[in-house]
Amino acid sequence: MMKQRLGLISLLVADYDEAIEFYTQKLGFELMEDSPQGEKRWVVVRPKGATETAILLAKASNEQQKQQIGNQCGGRVFLFLNTDDFWRDHALMQQQGVKFLETPREEVYGTVAVFEDLYGTRWDLLQLN
């Protein structure tokens with residue numbers, strides 16, 4: 001039986017350094033790699049404690065890509081940040097100035113609130129029941 005998993009998710013950004021700062025300082029992610037690749041860089045971040053999937057911060061390199069920054073999912077929530085303590089992480093993120101688009105809500109599946117990254121990409125902060 002073949003086993004597969006998602007390793008990296010590519011996320012378009014305008015600037016490597018400002019994106020690294022947002023993800024590491026505001027969201028508390030770990031910087032896993034920042035390697036030069038010619039004119040580009042290979043920049044990988046992931047939530048602390050994550051062992052499988054990480055995010056490749058990919059600097060937009062042409063006008064079409066630049067237009068998609070912050071809107072890679074057509075205005076819908078694009079990424080889901082699961083947590084073991086919603087209220088802890090929500091409070092920490094608010095203290096860091098992360099923009100939440102709604103008041104946290106209790107759903108049948110757990111506690112959730114939508115927030116935006118520095119470019120407007122929508123995320124769910126989510127604690128599953």
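Visitor: How many aromatic pairs does the structure hold?
Guide: Keep in mind that we're looking at a predicted model. Some of its rings join up through their pairs: Phe22, Tyr23, Phe29, Phe100, Phe115 and Trp123 make one cluster. For the structure, the count of aromatic pairs is 7.

Visitor: Is the pair of Phe29 and Trp123 stacked or edge-to-face?
Guide: Ring centres have to lie within 6.5 Å to pair, and planes over 60 degrees apart count as edge-to-face. Phe29 and Trp123 sit 6.1 Å apart, centre to centre, with 70° between the planes. So by that cut-off the pair is edge-to-face.

Visitor: How many residues apart in sequence are the parts that this pair ties together?
Guide: Phe29 belongs to the loop between helix H1 (16–26) and strand S2 (30–37), while Trp123 is in strand S9 (residues 122–128). The pair therefore ties together parts whose separation in sequence is 94 residues.

Visitor: And what about Phe115 and Trp123, stacked or edge-to-face?
Guide: Here the ring centres are 5.7 Å apart and the planes meet at 20°. Planes under 30 degrees apart count as stacked. So this pair is stacked.

Visitor: Is Trp123 buried or exposed?
Guide: The cut-off for buried is under 20% relative accessible area. Trp123 has 3% relative accessibility, so the label is buried.

Visitor: Which residue caps the N-terminal end of H1?
Guide: Look for a side-chain oxygen 3.1 Å from the backbone nitrogen of Asp17. After the helix comes Gly28, with a positive phi near 75°. The cap at the N-terminal end is Asp15.

Visitor: Which strands do the buried residues of H1 pack against?
Guide: The buried residues in H1 are Tyr16, Ala19, Ile20, Phe22, Tyr23 and Thr24. An α-helix has 3.6 residues a turn, so residues three or four places apart point the same way. The packing partners of the buried H1 residues are S1 (8–13), S2, S3 (40–46), S4 (54–59), S8 (110–116) and S9.

Visitor: Which element gives the most to the largest nonpolar core?
Guide: That core has 27 residues, and those touching the most other members are Tyr23, Leu27, Phe29, Ile55, Leu57, Phe115 and Trp123. At least two residues each come from S1, H1, S3, S4, strand S5 (77–82), helix H3 (86–95), S8 and S9. With 5 residues, the top contributor is H1.

Visitor: Which residues does Leu27 touch, leaving out those up to four places away in sequence?
Guide: Leu27 is among the core residues that touch the most other members. With sequence neighbours up to four places away not counted, its list is Phe22, Met93, Val98 and Phe115.

Visitor: Is Leu11 buried or exposed?
Guide: Leu11 lies in strand S1. Beyond four places in sequence, its contacts include Tyr23, Ile55, Leu57 and Phe78. Its relative accessibility is 1%, so Leu11 counts as buried.

Visitor: Which element supplies the largest share of the lining of the largest pocket?
Guide: This pocket has a volume of about 500 Å³. Of its 23 lining residues, the closest to the centre are Phe29, Pro47, Leu81, Asn82 and Trp123. H1, S4, S5, H3 and S9 each put in at least two residues. The largest share is 4 residues, and it comes from S5.

Technical notes: Residues are numbered from 1 along each chain as its sequence is written. This is a predicted model: local features need pLDDT of at least 70, side-chain atom pairs count only at pLDDT 80 or more; totals for chains, interfaces and linings use all residues. Side-chain values use heavy atoms; hydrogens and water are left out. Rings of Phe, Tyr and Trp (its six-membered ring) pair if their centres lie within 6.5 Å; planes under 30 degrees apart count as stacked, over 60 as edge-to-face and the rest as tilted. Buried means under 20% relative accessible area, exposed over 50%, partly exposed in between (1.4 Å probe, protein chains only). Contact means heavy atoms within 4.5 Å. A polar contact is a pair of N or O atoms within 3.5 Å; within protein, one must be able to donate a hydrogen and the other to accept it, and residues adjacent in sequence count only if both atoms are side-chain atoms. A nonpolar core is a set of buried Ala, Val, Leu, Ile, Met, Phe, Trp, Tyr and Cys residues joined through side-chain atoms within 4.5 Å. On a 1 Å grid over the protein atoms alone, a cavity is a set of points where a 1.4 Å probe fits but cannot get out, and a pocket is an open set with protein on both sides within 12 Å along at least five of seven lines; lining residues have an atom within 4 Å of a point. Grid points are joined across faces, edges and corners, and a volume is the space filled by probe spheres set on the points.
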